[in-house]
Amino acid sequence: MKIRFNLNEKQVEIACDPTKRLLDVLREDFHLTGSKMGCGEGECGACTIIIDGQTALSCITAVGQVEGCSITTVEGVRDTATGRRLINAFGEKGAVQCGFCSPAMLLTAHDLLSKNPQPEAGEIRKSISGNLCRCTGYNMIIEAVAHAAGKTIDTAFETEHE
Amino acid sequence: MKFDGQQGFLDFSSQRLLTTDRPKNTTPVSLLTTESLYTLNNLLGFQFYSMFSRPVLNVVNANFQEGYPMSRISRSVVKTDNHARCGGEARYLSDYSFDNLLHARTVRSSKTRARLNRIAFPHLADDEYIVTGEDLPGSNTIPLLNQDMTYFAMDQVNYIGEPICLVAAESKTRVEEICADIAVSYDELPAVHSAEEALAEDAPRIFGDSNCFLDRNYETGDVDAALSRAANICSDLYSSGYQEHAYMETNQVTAVYADGRMTIYCSCQGVDPIKRLVSLAFGWPADRVRVICTTTGGGFGGKIETPLFLAVHAALAAWKSGRPVRLVYDRSEDILVTTKRHPARIAITTGCDENNQLIAADIDIILTGGAYVSFSQVILDCAMKMATGAYAIPNVRVRGRVVATNNICPGAFRGFGALQTTFAMEMHMANLAQQLGIEESEFKQQNLLRQGNRTCTGGKLRGTVKLDEIVSRVKKMSEYDDKTARFARRTDHRQRGIGIGIYAFGAPHTHGSHHMPRKVALIKDAEGRVAIRTTLIDMGQGLQTTFKKIAAEILNISYNDISYADPDTDRDPNTLGTGASLSITLFGKSLERAARKMKKQWQKGKTLEIVEDFTEPEDLEWDEEQMQGDAFHIYSYGATVAEVRVDPLSCEVEVTGVWTVNDVGVAIDETIVRGQIEGGIVQGLGFGTMELLENKEGRLQQISLTDYSIPTSRDVPVIQSLLLENPYPDGPFGAKSVGEMPIVGAGPAVLSALRNACCITLNHMPATPELIQKTMLKQGVTS
């Protein structure tokens, strides 16, 4: 069966079983490996993509469900002005450790900033609550997103030198 | 360039060889190795960094001397792998495609203890494979303590999830079908599923006479004499459960057999043990095996033992089929069968003098082991060596046991036994303070380790001990005293509490004179570019960046001119693995020495290579047998305060504030250190309050991320963090370790807060709402 959709601003078409998992289609058929398999049950958020302007979990989406839809993956946002600003901000604030959750965090943050350019810290915290991270403890990611939005959150870390 | 190959198998705790088989293995490595596909992400990382960067730490070191300008190195840089990992370009194991790839899945025991009666295999098409222990050309026995563990079960299975065989086929669907069609019939045997059951008089004997893999003890001073003159004696029992690492990338490998060599691509924490074990399993000389670590999505200790199984399993299927084989554990499988934190039961008896000063402690540690001893000895060792946490107790007796059960084998996990003992000690101090009628933090502070004290194994405390200052500072930051008084007055309908967890974490551990070499190499090419060569792995803790900073600072070159590629056993000297909080302090010091030598010998246009083994301070005195003396080179110290709000009806816990003060010597990079502290604290908070992992008759009950709750962003408050500098001369630029320490104090801090909020004693971790509720009812506390 042929499924047609818009992928990172390009019209694409795939012939496959419509029940094939969208995450697998993206990774294997389109070689877009930025979306990750973390749990396969829609719990960790590492497979986050955007379908028709809303974040969605590609590991629990069948490719047949996105017929006619517009899909954005991390590959489609990392080179935008906001995307690059976010990547730099993540770097400056130490928001990336092992990085497995990071592309999804980037995509989620990108989506947030496109809808809410000046989010409060609480709004950022809530927006990434569907993305699990085991390495960072989240606060440095939240500071990074705020920084990318041009807002200052007090960095809650200090060193007393000898 | 020649590196000695691995010689024999390693006993991690003592670094002694377990076999005397020492084939000399020299592997020629060309200096200017072409970076191949799997290191492309490093090059991309450099490219993206220079495109988007803010100014690079360009070290202009006019005033550089033998001492260190410490505050400069601590100044944060953007990690060199930030852009590649963040934007999704970095390639983790499953992101690589291979032609002719087969997918694989492990068929596992569904019984906790049974003889394997019969296995019926379905008919297979060409290019469908099943491999078992009988297919291994070398040995199915894993060369660990007791020599009882095998890659595949042969006659008997001893835990649910024990591997029986591996299926490989081209389509994942077909793999599942074949797995489902394999019919195993068992003759069940009596089994035990907890330490309590295993130690009962009438327990089935599953190991030796006592179901006890290990039973060790030591005594410092004279505990009985001290107890006999104590003004107060307090005894209690503390316990903690399993914890799952929950790295975001599950365990996975790809094995490729070509031209007589097996190449294993792996998400792991150590390529050298994998190489050694695969070669032994196949009966091959070690140089027929190559192990490459791909960008790894988290480890926390959970990718030390487990990848050994995946590697041998996948390699066997790759060898039999002649095709690349990828073995990926799905999340449920990873939770169900891989290593976990050891559950612990710790009985503590302490004696205090009339001034409320601790004079004696008797600590009995029981770790719940699995069906095989596996690596449990090193965790037990560490627990025993840090049994008394942050406190000065002159007379200490410690017994430590690892008990055999028909459960999964626990293993390494950040904190490594010391998390369990620190928790027990912290809860004991809280209970004891209550008994004595003293405020908890005041009592703890009075008994802290101070300059000139000895450790629980009678070792020296080297360097400046800042614990007292740390505790005072964290209390001030968090308004601890004020809040303790306020919360006790209960004006809020939701119970509030504040508590403290104090910790001293020893690392590096003392290796002793018979240790295996664990070398780091530094290579300079004719163009002045420098490569760090080591099998130490950056699994997110920023090692590639911090190592480059150390070298750059000394060599006075841009750290963009320094490379540190993903570990490859064909090229990099053997460090045995990444963990035990060794990387910066122990190996970073080797790197520092190598860099200083390189600086002295640096010649423009010439190539140069320096290889450095690690060293230990000369004044260390350690008796391994008696467990007496300097168990560790040095300690990192810290204290964490947690503030909570507990709903009196549902007992749901909200952590409303966290403050932490830590001494890690000197931060090689402040942001990276902060990341380790915050990440460790959150992982510790998770274990303190929500990471329930129950074992029911040998089967773990929470085997998905839906059921096994780890903290989300909404479970974490802002963490106020202060780092107190305290340079350690034997660490690079004064650095001590930070990797494990932060997780150790968080659980005790939040449990102490819960204790105060709910007016209960809480001797078990995790303290879930259900446990809090049950405890309040049991202890007759009404809200």
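This is a predicted model: local features need pLDDT of at least 70, side-chain atom pairs count only at pLDDT 80 or more; totals for chains, interfaces and linings use all residues.
Local features are reported where pLDDT is at least 70 and side-chain atom pairs at pLDDT 80 or more, while totals for chains, interfaces and linings use all residues. Residues are numbered from 1 along each chain as its sequence is written, chains are lettered from A and ligands numbered from 1 in the order in which they are written, and side-chain values use heavy atoms, with hydrogens and water left out.

**View 1. The largest pocket has a lining drawn from chain A and chain B.** A pocket here is an open set of points on a 1 Å grid over the protein atoms alone, with protein on both sides within 12 Å along at least five of seven lines, and its lining residues have an atom within 4 Å of a point. The space in the largest pocket is about 1300 Å³, where a volume is the space filled by probe spheres set on grid points that are joined across faces, edges and corners. Its lining has 43 residues, and those nearest the centre are A:Arg21, A:Asp24, A:Glu28, B:His103 and B:Lys172. Two or more lining residues come from each of helix H1 (22–29) of chain A and, in chain B, strand S3 (102–108), helix H4 (172–181), strand S14 (325–328) and helix H9 (331–337); helices (H or I, at least four residues) and strands (E, at least two) are DSSP runs numbered from the N terminus. The lining comprises 13 nonpolar, 13 polar and 17 charged residues, with Ala, Val, Leu, Ile, Met, Phe, Trp, Tyr, Cys and Pro counted as nonpolar, Asp, Glu, Lys and Arg as charged, and the others, Gly among them, as polar.

**View 2. The second largest pocket has a volume of about 740 Å³.** Of its 26 lining residues, B:Ser239, B:Ser240, B:Gly241, B:Asn695 and B:His764 are the closest to the centre. The elements of chain B that contribute two or more residues to this lining are helix H5 (195–199), strand S10 (232–240), strand S15 (344–352), strand S27 (695–696) and helix H19 (769–778). By class, the lining holds 8 nonpolar, 10 polar and 8 charged residues.

View 3. A cavity is a set of grid points where a 1.4 Å probe fits but cannot get out, and the count comes to 15 cavities of 30 Å³ or more. Among the 19 residues lining the second largest cavity, B:Tyr159, B:Thr306, B:Phe309, B:Val337 and B:Thr339 lie nearest its centre. H8(B) gives the most to this lining, with 3 residues, and the lining as a whole has 12 nonpolar, 5 polar and 2 charged residues.

**View 4. Helices H7 (residues 271–282) and H8 (residues 306–321) of chain B pack at an angle of about 45°, with their axes 9 Å apart.** H7(B) is therefore oblique to H8(B), since angles under 35 degrees count as roughly parallel, over 145 as roughly antiparallel, 65 to 115 as roughly perpendicular and the rest as oblique. Axes are lines fitted to C-alpha atoms, for helices over the stretch in contact, and angles run from 0 to 180 degrees between N-to-C directions. The contact, meaning heavy atoms within 4.5 Å, involves residues including B:Leu277 and B:Phe282 of H7(B) and B:Leu308 and B:Trp319 of H8(B). Its residues divide into 13 nonpolar, no polar and no charged.

**View 5. Helices H17 (residues 670–689) and H18 (residues 741–758) of chain B pack at about 45°, with their axes 7 Å apart.** That angle makes H17(B) oblique to H18(B). Among the residues that meet are B:Gly680, B:Gly684 and B:Gly688 in H17(B) and B:Ala746 and B:Gly747 in H18(B). The contact residues comprise 8 nonpolar, 7 polar and no charged.

View 6. Most residues other than glycine have a negative phi, and most peptide bonds are trans. B:Gln147, although not a glycine, has a positive phi of about 50°, and B:Asn211 has a positive phi near 55°.
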